[in-house]
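Reader: Please guide me through the reading of one residue and then of one interface.
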Number of protein chains: 2
Amino acid sequence: MQTIRQRVASRAISPGDRLPSVRSFADSMGVSPSTVVEAYDRLVAEGLIRARRGSGFYVTGAAVPPIPIGELEPRRDRAIDPFWVSRQSLDTDAAVLKPGCGWLPADWLPQGAIRRGLRALARAEDDTLANYGGTRGSQVLRRHLLGRFAEEGLDIGPEQIMLAGSGTQAVDLVCRYLLRPGDTVLVDDPGYFNFQALLRAHHVRIIGVPYTHQGPDIMAFEAALAAERPRLYITNSALHNPTGASLSPQTAHRLLSAAAAHDLTIIEDDIFTDFEPSPSPRLAVLDGFERVIRVGSFSKSLSAASRCGYIAARADWIEGLVDLQVATNFGGPSPMATELIAGILSGGGYRRHMAELRQRLTHAREECAERLATLGITPSVMPRGGFYLWCSLPDGQDSADIARFCMQRDIVLAPGNVFSASQNAAGFMRFNVTQTRDERIFTALADSLRSTPS
Amino acid sequence: MQTIRQRVASRAISPGDRLPSVRSFADSMGVSPSTVVEAYDRLVAEGLIRARRGSGFYVTGAAVPPIPIGELEPRRDRAIDPFWVSRQSLDTDAAVLKPGCGWLPADWLPQGAIRRGLRALARAEDDTLANYGGTRGSQVLRRHLLGRFAEEGLDIGPEQIMLAGSGTQAVDLVCRYLLRPGDTVLVDDPGYFNFQALLRAHHVRIIGVPYTHQGPDIMAFEAALAAERPRLYITNSALHNPTGASLSPQTAHRLLSAAAAHDLTIIEDDIFTDFEPSPSPRLAVLDGFERVIRVGSFSKSLSAASRCGYIAARADWIEGLVDLQVATNFGGPSPMATELIAGILSGGGYRRHMAELRQRLTHAREECAERLATLGITPSVMPRGGFYLWCSLPDGQDSADIARFCMQRDIVLAPGNVFSASQNAAGFMRFNVTQTRDERIFTALADSLRSTPS
């Protein structure tokens, strides 16, 4: 049934077309004819196809029920399905422990500054509180970002930067602008799992390139460019999610050369930049926005509640992206959100806050790694910053099994294969060191390691 | 050049394919061969195609430069281009008068309530100020909306409603969920111009159905359903933008019957609901969310700066839409925004504010209509509510000419053809009565009527 639905939804077969005969469809799908008969009957009941006596089955003109993107590919084990993991993390209440989630607890964020900022916002100009805001977003915030870029050696003008509704929305907007269904896109493997979910929504082909301690496996990357002719590569360079690695200068340079040779466009997500102790090589800085598009947000370092992201790129692409954002959202982020964020960033407090946060996180990573080591769970690399530990489990353990076990105890983990397009990370798990402190988590992990078969 | 670019971008021709010969392409485009030669040369310079000696021109493997959606169709006169009109309205400063824009001035909105709400938000719980928020959005706000729906006779549960980043984003999300490139979509003609811009971004075919004083021309609607087999119809029923008309009961009923006969899905945008003196027939209420999807936001009645929209529909579609929103935005609207809005709506002040606003707007519509009448500009219908007047110009006047003239004087108007997919509204203009008060506007209109040829 799913196959037929997909063919109709993708217009491979159209209203009026005749479906394959029961026998030939059963042969090609490797199932019994009675299975096909039942499937066809149920599709008739749904109104998607109809039977013409003596002639076979035909596609009706009925509206094709939309296929949820969670079902565009064979339904994966929920424990490792990106959609399910996101929902579990986002929709559970505080009683559920979330060592696998991707954000800091509220008390690690600059709450005081946010509250002060909201009181200041209550005294803001009428227009800030009422209007849609300019199409590129708050000039104050954009100027602030341009200043930070200049410190890195990136000298760009205001026409090369725009604000968006969030970091994810920024990546999505660029994908809408550059991609067509059927295009091929490269991602890191392992890599941020929501990139996969997002790319499924764009109906593109996803190819994973193995990620090492120094960035993508450069030979595999070059081979993938030649063999797959991808349109786009999406990555995050500074404090890679989930491994915590950063690009080496050689990898960065070789990657960009390969990209140039194959006219590859790159989206570089800078979301963990402020967690670095010192700047690592950045593709956007080396490239100067010829083929690299930089995307970022303040969701990890400041607040995920005040939604705001940004895009920096070639000026002509920014023009087109602004048009697209107006058409699909009638503007960018909330002017209230941008005024709030701009106010917090311009005070000296933010830099101090991040310096303290980086120190606090260093201790948290060390403590968490020690605790996990007692269970035989060890990080593949100790990251220079950030709040993730990408850990290998004791031999033979499957992280999806561990995740399912702990789910019974109201603990949401992030099993490795959620992050791996090639499903090659069953022996790994990502831990958020700021959310992996409660004793119940270590108890559950210990129990699950004992109980699940190696 | 544009034709070739579009064909490559849409994959109608692929890398390696041979382009039409200079002569045959010149014949089919109705231009001289030398024009084609120059076009091909420039495309070679861009790297999109290459010349093979003695063989012709071939598409290279080069990345196709994205086509800005503003250029997917032949570049229209800027004065009537939806993208240009939006940008002009959104990006100009307060010095520019905006009688054509689609929102209330800041001092017409409940500023006091917003400021009080922000001070209360500064005392909100940590999680509200820090986290992403649930995937369906603030339960408090959704419950409030469900209560309002129940008052209309719509008895639905929380699984049938979700919050989105804005009203436009809500419509966009539904379009991403239901539409595929090449599908046909019906819109009102005249109708809200940003629906056209949004649908262009979805690469669908747009067909306009004439809009009358009682809703869509029902015979034209039924004919379009039969002839065009559209997937979707997007409309706003209560206080239609731009005409200010509302559905008659007969039109509503016949429209839904036709929709059922052709399995048409309908998005009904409720954005001006609160401006009605009393409820007019609503498709969602009659249909009960079988094929109607209701979308709304608070941008017009409360604030456009605090971005939040909602979608109500069949539960299975809401499930899929939530997944899609997580993939493309990692969540819904800002929890800060939803808490702010929920707080304002739950106080008694909002209903009082809207009652006063409706009275104030009634006077404003009458005053504005009187003033415009002295220039021979008359509304086609006096709306029951809202802030628009859809006016016909004196005989023979072209609203695009008027708009261009007034642009020289820093006045942004909304000429009729921006709203008309069939370009049949050159003699009409939409005025926002709250932004059409400054004497300079009437002076400029008078001067332009005198100076532009009939």
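Reader: In which strand of chain A is A:Ser297 found?

Author: This is a predicted model, in which local features need pLDDT of at least 70 and side-chain atom pairs count only at pLDDT 80 or more, while totals for chains, interfaces and linings use all residues. Residues are numbered from 1 along each chain as its sequence is written, chains are lettered from A and ligands numbered from 1 in the order in which they are written, and side-chain values use heavy atoms, with hydrogens and water left out. Strands are DSSP runs of E of at least two residues, and helices are runs of H or I of at least four, numbered from the N terminus. A:Ser297 belongs to strand β9, residues 292-297.

Reader: Is A:Ser297 buried or exposed?

Author: Buried means under 20% relative accessible area, exposed over 50%, and partly exposed in between (1.4 Å probe, protein chains only). A:Ser297 has 7% relative accessibility and therefore counts as buried. Of the 454 residues of chain A, 61% are buried.

Reader: Which residues does A:Ser297 touch, not counting those up to four places away in sequence?

Author: Contact means heavy atoms within 4.5 Å. The partners of A:Ser297 are A:Gly167, A:Ile271, A:Cys308, A:Gly309 and A:Tyr310.

Reader: How many salt bridges does the rule find across the interface of chain B and chain A?

Author: A salt bridge is a side-chain nitrogen of Lys or Arg within 4 Å of a carboxyl oxygen of Asp or Glu. The interface of chain B and chain A has eight. B:Asp323 forms a salt bridge with A:Arg87, with the closest N and O atoms 3.3 Å apart.
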